[in-house]
Amino acid sequence: VVKGEAFLERCRELLQYTLVDVGSVQRFFTKTELELIYQIGWYYENIKEYELTKNIFEATLEKYGKKSYSSWYEVGIMKRMLAGAYSGLKEFERSNELVSKLIREMIVWQSGQMLAESVYLLAWNYENQKKEMGTA
């Protein structure tokens, strides 16, 4: 079992086979590439490196924003994780904006796969925002 830094390096190594320069990619990411990007983001989120998590998902979503989606769910996961990174950075309002937009997209796409975790993140943000303001 590969864990920690070795896991992160292995994900990066595997990603390098097809994505030497992410910025130059003119196609959709493959499911495998997206999974490796998720894993790298999750790794940084788990060690509370929210700024790195945010940067990874914003860069990937920016790439997707220039095209129609290959899969709404794949992009939805990334949007939910980006909102989580903003929560970790205590940017609760920005996180809530992203989650609210994501919930609206779920309604449009008629997909509730991430509804529970999205609503939970909204509630978590409101609770922690109140704590930050000293009103909880």
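Let's start with helix α2, where Glu33, Leu34, Leu36, Ile37, Tyr38, Ile40, Gly41, Tyr43, Tyr44 and Glu45 are buried. Buried here is under 20% relative accessible area, exposed is over 50%, and partly exposed lies in between, with a 1.4 Å probe and protein chains only. Helices are DSSP runs of H or I with at least four residues, numbered from the N terminus.

A quick word on the source: this is a predicted model, where local features need pLDDT of at least 70 and side-chain atom pairs count only at pLDDT 80 or more, while totals for chains, interfaces and linings use all residues. Residues are numbered from 1 along each chain as its sequence is written, and side-chain values use heavy atoms, leaving out hydrogens and water.

Back to α2: its 16 residues reach 22 Å from first C-alpha to last, close to the 22 Å expected at 1.5 Å a residue. The expected span is 1.5 Å times one less than the number of residues. Just after α2, Lys48 takes a positive phi of about 65°.

Now, which residues have the most contacts inside the largest nonpolar core? They are Tyr38 and Phe57, in a core of 31 residues. Such a core is a set of buried Ala, Val, Leu, Ile, Met, Phe, Trp, Tyr and Cys residues joined through side-chain atoms within 4.5 Å. Helices α1, α2, α3, α4, α5 and α6 each give two or more residues to this core, and the largest share, eight residues, comes from α4. Beyond its neighbours within four places in sequence, Tyr38 is in contact (heavy atoms within 4.5 Å) with Phe57, Glu74, Val75, Ile77, Met78 and Met81.

So on to α4 itself. Of its 17 residues, 15 are buried. Its end C-alpha atoms are 24 Å apart, which agrees with the 24 Å that α4 should span at 1.5 Å a residue. Lys90 follows α4 with a positive phi, near 65°.

How do α4 and α5 pack? Their angle is about 160°, with the axes 8 Å apart. Axes are lines fitted to C-alpha atoms, for helices over the stretch in contact, and angles run from 0 to 180 degrees between N-to-C directions. That makes α4 roughly antiparallel to α5, a label for angles over 145 degrees. Among the residues that meet are Trp72, Gly76 and Tyr86 in α4, and Phe92, Leu98 and Trp109 in α5.

Last stop, Asn96 in helix α5. Asn96 is buried, with a relative accessible area of 7%. Leaving aside neighbours within four places in sequence, Asn96 is in contact with Leu122, Asn125, Tyr126 and Gln129. Thanks, everyone!

Terms used
Angles under 35 degrees count as roughly parallel, over 145 as roughly antiparallel, 65 to 115 as roughly perpendicular and the rest as oblique.
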